[in-house]
Amino acid sequence: MRAALTALAVVFAAPAFAGGVAPVTPLPPVMIEPEQTWDGWYGGLQLTYGQGEIDTPPAADIEGNLYGIFLGYRYDMGDFVLGGELDYEHGSVALDAPGDTEVDWIFRSAVELGYDAGNLLPYATVGVATAHFTDPTPPAGFDATSLGYFAGVGLDYAISERFTVGAEVLFHQFDEGPSATSSTSLQTLSVNAAFRF
């Protein structure tokens with residue numbers, strides 16, 4: 001019996017002595033990309049084209065460019081992103097006709113609801129806005145500030161963990177406009193670049 005066991009041990013050990021123990025090849029490491037998140041503070045610059053109408057009789061079209069800064073915070077809830085943003089723009093959206101009436105700055109306070117699509121964030125936004133109207137032409141010159149509201153949609157793209165670019169379309173309504181008897185509608189298209197803190 002002992003002889004038989006010894007023979008079996010020799011048979012099974014022979015391949016190991018003949019070729020040695022085969023080296024174990026380690027598997028390549030698996031790189032897991034960090035999941036994109038839209039959480040946190042951000043701020044940046046934007047350039048805006050605006051056009052609309054002041055309905056003070058006679059009604060007149062307005063058109064021009066604004067440029068500004070913005071600061072916001074977003075909370076990523078998984079599929080959806082909730083955010084708030086403040087922005088200030090300065091420039092000139094003026095009468096598309098002889099005259100000096102213009103919107104020379106706008107301040108907005110907005111809330112956003114977006115869909116987390118990885119590096120893309122489509123969103124809807126609503127809020128309140130304050131616009132400053134001026135017309136230095138005597139004798140009917142004025143300098144007035146009007147409170148209004150706006151709504152729109154936007155799309156941001158994360159080009160890296162810290163930087164995003166985007167575009168936004170907004171529709172504004174100011175019920176007073178340059179005077180208490182007028183109102184102003186304004187549509188804007190903005191492009192922006194932001195840094196995430």
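Which strand is Glu112 found in? Glu112 is found in strand 4, and we'll come back to that residue below. First, a word on the model: it is predicted, so local features need pLDDT of at least 70 and side-chain atom pairs count only at pLDDT 80 or more, while totals for chains, interfaces and linings use all residues. Residues are numbered from 1 along each chain as its sequence is written, and side-chain values use heavy atoms, with hydrogens and water left out.

**View 1. The whole chain has 1 helix and 8 strands.** Helices (H or I, at least four residues) and strands (E, at least two) are DSSP runs, numbered from the N terminus. Read from the N terminus, the order is α-β-β-β-β-β-β-β-β. Of the 197 residues, 37% are buried; buried means under 20% relative accessible area, exposed over 50%, and partly exposed in between (1.4 Å probe, protein chains only).

**View 2. Strand 8 has a partner in strand 1 and another in strand 7.** Two strands pair if DSSP finds at least two bridges between them. Strands 1 and 8 run antiparallel, joined by 13 bridges, and here Thr48 stands opposite Ser190. Strands 7 and 8 are also antiparallel, over 12 bridges, with Phe171 and Gln187 as bridge partners.

**View 3. Gln46 sits in strand 1 (residues 40-54).** With a relative accessible area of 7%, Gln46 is buried. Its side chain makes a polar contact with the side chain of Glu89, at 2.9 Å. A polar contact is a pair of N or O atoms within 3.5 Å; within protein, one must be able to donate a hydrogen and the other to accept it, and residues adjacent in sequence count only if both atoms are side-chain atoms. Leaving aside neighbours within four places in sequence, Gln46 is in contact (heavy atoms within 4.5 Å) with residues including Tyr67, Phe70, Arg108 and Asn192.

**View 4. Back to Glu112, in strand 4.** Glu112 is buried, at 4% relative accessible area. The side chains of Glu112 and Arg74 make a polar contact at 3.2 Å. Not counting residues up to four places away in sequence, Glu112 also touches Tyr42, Tyr123 and Glu168, among others.

**View 5. The largest nonpolar core has 15 residues.** Such a core is a set of buried Ala, Val, Leu, Ile, Met, Phe, Trp, Tyr and Cys residues joined through side-chain atoms within 4.5 Å. Ile62, Val93, Val103, Ile106 and Ala131 have the most contacts inside this one. Strands 2, 3, 4, 5 and 7 each give two or more residues to the core. Beyond its neighbours within four places in sequence, Ala131 is in contact with Val103, Ile106 and Phe174, among others.

**View 6. Phe80 and Tyr115 are one of 7 aromatic pairs.** Rings of Phe, Tyr and Trp (its six-membered ring) pair if their centres lie within 6.5 Å; planes under 30 degrees apart count as stacked, over 60 as edge-to-face and the rest as tilted. The centres of Phe80 and Tyr115 are 6.1 Å apart and their planes are at 70 degrees, so this pair is edge-to-face. Phe80 is in strand 3 and Tyr115 in strand 4, 35 residues apart. Phe80 is partly exposed at 46% relative accessible area, and Tyr115 is partly exposed at 41%.
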